[in-house]
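Hello,

Here is the structure I promised to hand over. Please open it next to this email and follow along.

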Amino acid sequence: MLEERESKEPAMNPFQKNESKETLFSPVSTEEVPPRPPSLPKKPPPKICGSNYPLSIAFIVVNEFCERFSYYGMKAVLTLYFLYFLHWNEDTSTSVYHAFSSLCYFTPILGAAIADSWLGKFKTIIYLSLVYVLGHVIKSLGALPILGGHMVHTVLSLVGLSLIALGTGGIKPCVAAFGGDQFEEKHAEERTRYFSVFYLSINAGSLISTFVTPMLRGDVKCFGEDCYALAFGVPGLLMVIALVVFAMGSRIYRKPPPEGNIVTQVVKCIWFAISNRFKNRSGDIPKRQHWLDWAAEKYPKQLIMDVKALTRVLFLYIPLPMFWALLDQQGSRWTLQATRMNGNLGFFVLQPDQMQVLNPFLVLIFIPLFDLVIYRLVSKCGINFSSLRKMAVGMILACLAFAVAAAVEIKINEMAPPQPGPQEIFLQVLNLADDEVKVTVLGDENNSLLAESIKSFQKTPDYSKLHLKTKSQDFRFNLEFRNFSVYTKHSMEERNWYSLIIREDGKSVSSMMVKDTNNKTTNGMTAVRFVNTLHKKVNISLGADISLDVGEDYGVSAYRTVQRGEYSVVHCRTEDKDFSLNLGLLDFGAAYLFVITNRTNQGLQAWKMEDIPANKMSIAWQLPQYALVTAAEVMFSVTGLEFSYSQAPSSMKSVLQAAWLLTVAFGNIIVLIVAQFSGLVQWAEFILFSCLLLVVCLIFSIMGYYYVPLKPEDIQEPADKQIPRIQGNMINLETKKTRF
């Protein structure tokens, strides 16, 4: 969440659009000007408990907390929503997630332009917050299963996310700076502390929301499924509260008028310098000391000097998007990895999307730890741990985090059950008869492919693998039961799992073939299905909104996903009887088959078979990679912004903030491209990102080695350096005198 960090001092723009260009000397009138009546003193804004803190900042801090809760709470469950509600594959879910994240960091440029050039910060926050709320409403409606079909849900989701991106990105550059505007210049120390509290509210909102919204999704059921509508609706409600709280302080805010957008002026200055240089390529025209000096015909000398200092820092920004490409995968690829792990920690059960809470939690711990302990220890050891070196170490830590993530992914794959390959199927036999049955699988030439004796209600340890000659093949089965021999035929298709269910049929036996699930359940869920051996239909209630009917006489239900947990009393009902079943523990990622039987000596009970084993690897194994990537974030993000601000004039701070946010946006685009076009298995993709960042770190280190840091007094150039007057075919040859 450190990319949220705003400039701790609102940047002042000395080059305002509404400032008229005048000559430095104005005529002096000899007539006496009558004195103006003294203006009434302005009423000081109300303070908090007699301090120097304006009361208005309380509304702004609460607004920021609610808005960050809204944004990160919605984003925490977004990947699983794509995967399990919209039924997109993992690559598409990851791509759309990062496309949304990227858009959220492009739109601040638009928000800053609107605020600085047109509406001002207050109106921009109000209007774009309304857009933000509308996006949440549409997004929540798109998560209602009863509202339309898949296409309607997809369209509503994409429209809602687009509006949310416009809202959250548009107000991002305005809120912190608007809070800084509430302070008088003589209260600079209080303003600095305000930004610390403001930043704390960002992490507090993120911390709480990433813990709460996954619980709303998983623990509450809507229409028999995970309640994504509630998980999106609550953040939407928090955004409504944020808007109301912010509007309540309207009468006590200081509302500076729009001052002109310095970002736009910088871009125009650079473009004019390039175009002017291009149009004056003649060898007869004297060269200038710096390529930006070609803007001197149109732009003030001070602005050009500031842009020169700015471009030196922006050059170092070129490698930075690769770091954000790794950091922002916590909400996508790492969350998907967590869905294949066991969230039972003994004292608490974590949902896969709750692991993201580690990032803001560790950020709050690591910032004081690094500032007060680690950096001081390094300094006492005589090591010059410069800002650029800290950023390079942060990149290396992120590389290590993804190497650890790759190792975890490899271990998860090793523990996962094998998958049938081309022209292969997996088969298990369930004997529900009262006596032993010998099963023989015959090939096309009556050759025996598999022969085994299965006792009554025997739990087979593993599936048996059968090879097919084509993609689909008929197999003959010989079932020997007591003195009877029964032949039957079943068709099976490659790459599938099957269960052959044998049942008594009078004095003989018969069989039916059912297809099993071939994938582990994810997102912290477990899958169950039932075989009903009773002569009456059974209704089974697995929760407040989850029930299913199983037909009589060996009816087989479809798989239903339920929350992981202990199901010791499951209420069931036939047309004339109510009873309960003990299903025991249903664990993460497992798929179970329950056979409802009524044995004379044991009564009604459920015989339990595990089709797919539960996730064995604990989700706690993700802790090292989260700790490494958060340490990387603290060393890279905080250090990077502080270094940037120390190397550029104060008038360029807003431009640096815009450029910093753009590096985050481009980092998410990198993930989008790799997810869509790499075609790599997940552990290999993690290694790819780790290696790419390592290469980028090497390039950044070389750039940093040759970078000469500027001292504050070096940022301003001597005023007596003049740009030579050039004659010839040039743009705007006349140098205008400008008062600034």
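**Helices first**

Helix 1 is mostly covered: 18 of its 21 residues are buried. Buried means under 20% relative accessible area, exposed means over 50%, and partly exposed lies in between (1.4 Å probe, protein chains only). Helices (H or I, at least four residues) and strands (E, at least two) are DSSP runs, numbered from the N terminus.

A word on the source: this is a predicted model, where local features need pLDDT of at least 70, side-chain atom pairs count only at pLDDT 80 or more, and totals for chains, interfaces and linings use all residues. Residues are numbered from 1 along each chain as its sequence is written, and side-chain values use heavy atoms, with hydrogens and water left out.

Back to helix 1, residues 56-76. Its end C-alpha atoms are 30 Å apart, which agrees with the 30 Å that 21 residues should span at 1.5 Å a residue. The expected span is 1.5 Å times one less than the number of residues.

Helix 6 covers residues 188-219. Its 32 residues reach 47 Å from first C-alpha to last, close to the expected 46 Å. Where is helix 6 kinked? The kink is centred on Ser209 and is about 25°. The bend at a residue is the angle between axes fitted to the seven residues ending there and the seven starting there.

Look at Ser93 next, in helix 3 (residues 90-119). Ser93 counts as buried, at 0% relative accessibility. Leaving out residues up to four places away in sequence, Ser93 touches Thr79, Phe82, Leu83 and Trp88. Contact means heavy atoms within 4.5 Å.

**The whole protein**

The protein has 17 helices and 21 strands. Of its 740 residues, 53% count as buried. Take the contacts between residues at least 6 apart in sequence: 74% of them join residues at least 24 apart. Glu642 and Ser387 are 255 residues apart along the chain, yet their C-alpha atoms are separated by 8.4 Å. Glu642 is in helix 14 (residues 623-646) and is partly exposed, at 47% relative accessibility.

The accessible surface comes to about 34,200 Å², and 60% of that belongs to carbon and sulfur atoms. Accessible areas come from the Shrake-Rupley method with a 1.4 Å probe; for residues, only the protein chains shown count as cover.

**A surface patch**

Which residues make a nonpolar patch of about 510 Å²? They are Val137, Leu141, Ile146, Leu147, Val152 and Phe223. Patches are made of residues with over 30% relative accessible area and no salt bridge; like charges are joined within 9 Å, and nonpolar side chains (Val, Leu, Ile, Met, Phe, Trp, Tyr) within 5 Å. Val137 sits in helix 4 (residues 121-141). Val137 is partly exposed, with a relative accessible area of 43%.

**Salt bridges**

A salt bridge is a side-chain nitrogen of Lys or Arg within 4 Å of a carboxyl oxygen of Asp or Glu. By this rule there are 18.

Start with Glu409 and Arg340. Their closest N and O atoms are 2.6 Å apart. The pair links distant parts of the chain, 69 residues apart: Glu409 is in helix 13 (residues 387-415), and Arg340 is in the loop between helix 11 (333-338) and helix 12 (358-380). Glu409 is buried, with a relative accessible area of 2%.

Asp576 and Lys536 form another salt bridge, with closest N and O atoms 2.2 Å apart. This pair also links distant parts of the chain, 40 residues apart. Asp576 is in the loop between strand 17 (570-573) and strand 18 (578-581). Lys536 is in the loop between strand 11 (525-532) and strand 12 (538-541). Asp576 counts as exposed, at 52%, and Lys536 as partly exposed, at 31%.

**Two positive phi values**

Asp553 has a phi near 55°, positive in a residue other than glycine. Tyr554 has a positive phi of about 70°, and is not a glycine. Asp553 lies in the loop between strand 13 (547-550) and strand 14 (555-556), and Tyr554 lies in the loop between strand 13 and strand 14 too. Are they buried or partly exposed? Asp553 is partly exposed, at 35%. Tyr554 is buried, at 14%.

Best wishes
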